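Please keep the sequence and the structure in view while reading.

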Amino acid sequence: MRTTLFRAAAVAAAVTLLAACGDGGSETPPASQEPTTAETTEAAGGATGSLTIWVDENRKPAVQAAVDIYNETNPDVTVELVQKNFEDIRADFLAQVPTGKGPDITIGAHDWLGALIADGVVEPLDLGEKVDEFETVATQAFTYDGQMYGLPYALETVAVVRNTALVDSTPDTWDDMIAMGKEAGTKYPFVINTNGTTGDAYTYYGLQTSFGAPVFVQNDDGSYTTDIGMGGDEGFAFADFLAENGMKGEGNFSTDWTYDVANEEFGKGNAPYTIAGPWAIQTYKDAGIDVAVDPIPSAGGETAAPFVGVQGFYLSSQSQNKLVANDFLVNYVATPDVIKALYDADPRLPAMTSVADEVAADPIVAGFLAASKNGAPMPSIPEMGDVWEYWNAAEASIISGSSSAKDAWTKMLADLDAKLG
């Protein structure tokens, strides 16, 4: 008890310092600093040892702030932050953890999880009652075979981006959105990145799921099976939808559209609607377009669920300080002030609900948050890596009209059966 009381006071004082440095004076919710029941799994305050954490340049200041808080109550734990290029972290973690040279904790994306588990380099993480403080899609993303393997902290997804000077809303259905887009009298009612003739199943995925045709079937806890979900009547109905809206149909989709072409057409005011991620917003602002962000309308009758990518922290299976590392993640990083500091350092949607609601005062952030609440986590199973090539190619051939919807979708399913077994 003495230790817990000491920690509560010290953490509260330290978080005040973090808030002053992190968000320019925004109000700090005092209740968030109270210890939670998750601290029953803690390494006791005053622990000794060392932690090594891999982090990229953007997130390093926020993680350092969490370390500073941690060291207020655990001054005898030496924490080293190793700055790495984000693109190198996954491969380096897979290579170095088995040799004992890797970190105790690393930052990473949730769709690395399948490969990390297959190689045995990550350890489950128990968030206790704190799991309820995070968006469901975020905890689902880090769940594999019923266990969580990381601490989620940020989300990203695509949504409908609307030119507010051309249209005042986004209808709930695809047909109504296209009708409103045509009424705007622009060159196109809608544009979307198709990645040219390569195809872009990622950006189109919300439209596909509205037909009830997920790439893989999900378990009740949100984790993925290896059963392809794109077959059956639902999958073929989506394929027909692609053809109907493709270059030999209504012309609402085109393999002439790359990421840059779609952004240029939208930025010139040649279309009132597009589907894009938050990374494209600055491009539109630079083009002088005022935008709003809305959930993707349903094309097939069900909720349009775009992919949601989740960023988080992984605990190494070879860490010699697992108890200390678990305490650091659960009781110091998984707090509203540190999650907010991470948002300030790298403004992706916060995975912690209270922080997401706070930053959603920005209507563009609120729009992407609403879209993410409809979304599904990007599959993290290793089999996902074998799907993209066949899936993208099938969609592109249907959109261009070089193959019939039935033939292209049937071939894709057969190719996936052969590949995945």
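Two strands are said to pair if DSSP finds at least two bridges between them. By this criterion, strand β7 (residues 159-163) pairs with strand β11 (residues 273-276) in the antiparallel sense, over four bridges. The model is predicted.

**The four-stranded sheet**

- Strands of a sheet pair through backbone hydrogen bonds, and the pairing is either parallel or antiparallel.
- Strands β7 and β11 belong to an open sheet of four strands, whose order is β8-β11-β7-β12 and whose pairing is mixed.
- The edges of this sheet are formed by β8 (191-192) and β12 (291-294), each of which pairs on one side only.
- Within the antiparallel pair of β7 and β11, Val 160 has Ile 275 in β11 as its bridge partner.

**Strand β6 and its partners**

- Strand β6 (residues 151-157) is largely enclosed by the rest of the structure, because six of its seven residues are buried.
- Six bridges connect β6 with strand β13 (residues 307-315), and the two strands pair in the antiparallel sense.
- Leu 151 has Phe 313 in β13 as its bridge partner.
- Strand β6 is also joined to strand β14 (residues 349-350) by two bridges, and these strands run antiparallel.
- In β14, Leu 349 is the residue that stands opposite Leu 155.

**The contact of helices α2 and α11**

- Two packed helices are described by the angle between their axes and by the distance between the axes.
- Helix α2 (residues 60-73) packs with helix α11 (residues 322-333) at an angle of about 110°, and their axes are 10 Å apart.
- Angles of 65 to 115 degrees count as roughly perpendicular, and α2 and α11 are therefore roughly perpendicular to each other.
- The crossing of α2 and α11 is right-handed.
- On the α2 side, the contact involves Ala 66, Val 67, Ile 69, Tyr 70 and Thr 73; on the α11 side, it involves Val 324, Asp 327, Phe 328, Tyr 332 and Val 333.
- By class, the residues of this contact comprise eight nonpolar, one polar and one charged.
- Helix α11 is mostly covered, with 10 of its 12 residues buried.
- The buried residues of α11 include Val 324, Asp 327, Phe 328, Tyr 332 and Val 333.

**The contact of helices α8 and α15**

- Helix α8 (residues 232-244) packs with helix α15 (residues 388-400) at an angle of about 45°, with the axes 7 Å apart.
- Helices α8 and α15 are therefore oblique to each other.
- Their crossing is right-handed.
- Phe 238, Ala 239, Leu 242 and Ala 243 in α8 meet Glu 395, Ile 398 and Ile 399 in α15.
- The contact of α8 with α15 has six nonpolar residues, no polar residue and one charged residue.

- Tyr 144 lies in strand β4 (residues 143-144).
- Buried means under 20% relative accessible area, and Tyr 144, at 18%, is therefore buried.
- Apart from neighbours within four places in sequence, Tyr 144 is in contact with Leu 113, Gly 114, Ile 117, Tyr 149, Ser 380, Ile 381 and Pro 382.
- Tyr 144 and Tyr 224 are 80 residues apart along the chain, and their C-alpha atoms are separated by 8.0 Å.

Conventions. Residues numbered from 1 in each chain as written. Predicted model: local features only at pLDDT ≥ 70, side-chain atom pairs only at ≥ 80, totals over all residues. Heavy atoms only, no water. Axes fitted to C-alpha atoms, helices over the stretch in contact; angles between N-to-C directions. Parallel < 35°, antiparallel > 145°, perpendicular 65-115°, else oblique. Left-handed = near helix turned anticlockwise from the far one by under 90°. Contact = heavy atoms within 4.5 Å. Nonpolar A, V, L, I, M, F, W, Y, C, P; charged D, E, K, R; others polar. Buried < 20%, exposed > 50% of the residue type's maximum accessible area, 1.4 Å probe, protein only.
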